[in-house]
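Today I went through the salt bridges. These are my notes, in the order I looked things up.

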Amino acid sequence: MSEFKSGFVAVLGRTNVGKSTLVNLLVGEKVAATANKVQTTRTAIKGIVNRENSQIIFIDTPGIHKPKTKLNETMIETSFSTISEIDIILFVIEATSNEIGRGDMRILEKIKESHKKAILIINKIDLVKKECLLKLISLYQKEYPFEAVIPVSSLKEKYKETILCEIEKNLKPGPAYYSVEEYTDQTMRQLAEEIIREKALNLLQDEVPHGIYVEVEKMKLRKNKQHEQIYDIIATIYCLRNSHKGIIIGKDGNMLKRIGQSARIEMEKSFGTKVNLKTWVKVKEDWQDDPSIIKRFKLK
Ligand SMILES: Nc1nc2c(ncn2[C@@H]2O[C@H](COP(=O)(O)OP(=O)(O)OP(=O)(O)O)[C@@H](O)[C@H]2O)c(=O)[nH]1
Ligand SMILES: [Mg+2]
């Protein structure tokens, strides 16, 4: 039998390129929220893949963007500080660009400084013609000796094995750091918060979604009358302004109902239990610059 291998893989890239979608695909479970909005991921989240002869620990990171708040700065610091602790970098870019933009250049510089093994993932190839990829590939290959360049669509299962095999090839012999039942380092509470935030992000528009954070106040497992396992969950969605609060609650409470309903359905699937979810909305101005809150988004 071949020797067991393991390692930590940081998933880096600009915001909205599909890093979390990719991590969820590779892990086969929802570990991180995804949305067609910038700055969806706010902290480093681990997703664990157990294979016959290896364990790969992915670290999904907040996308690189121009920081506007203390939270933004912390998010970017978190992303770059993962580099020092990992074995391989998965650098995710979008197939739709035809040059190396400033954000991608900044990430490339960090990769160069690290001298780490890196694999370039060109994501969203479903949106472009094959011919467009060649120029992009050669531009990036001139910048860094990538172990591999893999064009993919993170929405499609068929790319999963190719990526995992390529990573496995580049891992060193090592132990399993996590038990095989685990697929993330997040607690149930954090998973619940991430799911609620994802639904809110996807259903809300404009600047409202960027100003929210979700806190689960209570999460308790009990048996219902039919002896089924059920989680009672109480969560608060914090937002920046009163006008945002109105939008999140919606006419006759409809928006909040939709957020709660879709979050509940996904939690039931993910936790394998029934879920009884109550959500509240509160205003907390300036939380994005509040050190006691943003502390949570720092690397653990
Ligand atoms: N067409 C297409 N869309 C994709 C693909 N991969 C991801 N997306 C979409 O791109 C959007 C952003 O995906 P995320 O996974 O949240 O992006 P991210 O890089 O984690 O973003 P941040 O957390 O903000 O850094 C979502 O709407 C995804 O559904 C792909 O291969 N093709
Ligand atoms: Mg993300």
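For these notes, a salt bridge is a side-chain nitrogen of Lys or Arg within 4 Å of a carboxyl oxygen of Asp or Glu. I'm working from a predicted model here.

Entry 1. I started with the total, and the structure holds 16 salt bridges.

Entry 2. I looked up Lys-30 and found its salt bridge to Glu-198, with the closest N and O atoms 2.7 Å apart. Lys-30 sits in the loop between α1 (19-27) and β2 (45-51), while Glu-198 belongs to helix α6 (residues 188-203), so this pair ties together parts that are 168 residues apart in sequence.

Entry 3. Glu-198 comes out at 3% relative accessibility, so I put it down as buried, the cut-off being under 20%.

Entry 4. Which other residue does Glu-198 bridge to? I found Lys-199, with 3.0 Å between the closest N and O atoms. Both Glu-198 and Lys-199 are buried.

Entry 5. Next I checked Arg-51, whose side chain meets that of Glu-161 in a salt bridge, 2.9 Å from N to O. This pair also links distant parts of the chain: Arg-51 is in strand β2 and Glu-161 in helix α5 (residues 160-170), 110 residues apart.

Entry 6. Arg-51 has 19% relative accessibility, so it counts as buried under the 20% cut-off. Glu-161 is partly exposed, with a relative accessible area of 42%.

Terms used. Residues numbered from 1 in each chain as written. Chains lettered and ligands numbered in written order. Predicted model: local features only at pLDDT ≥ 70, side-chain atom pairs only at ≥ 80, totals over all residues. Heavy atoms only, no water. Helix = DSSP H or I, 4+ residues; strand = E, 2+ residues; numbered from the N terminus. Buried < 20%, exposed > 50% of the residue type's maximum accessible area, 1.4 Å probe, protein only.
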